[in-house]
Amino acid sequence: MEAQEHIRVFYDGACPRCVKDRDNFQRLAGKQASCVEWFDITEQDQALVTLGIDPDKALHELHISVQAKNSEPKILSELDAYIVLMSKARLLKPLALLIALPLIRPLLSRIYHSMVERRLARSGRA
């Protein structure tokens, strides 16, 4: 991933865990966090649709928009989004590499979706 790339992370600001994860990323990334913009998807359905993101899917999977200089943004979701986001922080790059491994990725995907479904059910938003 090139240094001039900018990423926008679409996160659930109504989720305390999601906000905590955002804050932890910013702390761990330090100066490297400056290329990351955070966009709270709460009550932003129309803005998401305009960007080509299904609001329901955005609630169930992390989405990011990656844009290199002079190019169109590319939307990534789920573990692809996490891998790109974590690769932006030096301390998290080893975790990004681990997540990308073919044997680990499918298992983490199932765990991730299960956790999201439980979180949304607990909050009454499933």
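**Close-up views of a predicted model**

Asp 12, Arg 119 and Arg 125 are linked in a network of salt bridges, a salt bridge being a side-chain nitrogen of Lys or Arg within 4 Å of a carboxyl oxygen of Asp or Glu. This is a predicted model, in which local features need pLDDT of at least 70 and side-chain atom pairs count only at pLDDT 80 or more, while totals for chains, interfaces and linings use all residues. Residues are numbered from 1 along each chain as its sequence is written, and side-chain values use heavy atoms, with hydrogens and water left out.

**View 1. Arg 119 forms a salt bridge with Asp 12.** The closest N and O atoms of Arg 119 and Asp 12 are 2.9 Å apart. Arg 119 belongs to helix H6 and Asp 12 to the loop between S1 and H1, so that the pair links distant parts of the chain, 107 residues apart (helices, H or I of at least four residues, and strands, E of at least two, are DSSP runs numbered from the N terminus). Both Arg 119 and Asp 12 are buried, where buried means under 20% relative accessible area, exposed over 50%, and partly exposed in between, with a 1.4 Å probe and protein chains only.

**View 2. Arg 125 also forms a salt bridge with Asp 12.** Here the closest N and O atoms are 2.4 Å apart. Because Arg 125 lies in the segment after H6 and Asp 12 in the loop between S1 and H1, the pair ties together parts that are 113 residues apart in sequence. Arg 125 is partly exposed, at 28% relative accessible area, whereas Asp 12 counts as buried at 4%.

**View 3. Arg 105 forms a salt bridge with Asp 80.** The closest N and O atoms of this pair are 2.1 Å apart, and the pair links helix H6, which holds Arg 105, with helix H4, which holds Asp 80, 25 residues apart. Arg 105 is partly exposed at 24%, and Asp 80 counts as partly exposed at 34%.

**View 4. The largest pocket is lined by 32 residues.** Arg 17, Asp 21, Tyr 82, Tyr 112 and Met 115 lie nearest its centre. On a 1 Å grid over the protein atoms alone, a pocket is an open set of points where a 1.4 Å probe fits, with protein on both sides within 12 Å along at least five of seven lines, and lining residues have an atom within 4 Å of a point. H6 gives the most to this lining, with eight residues.
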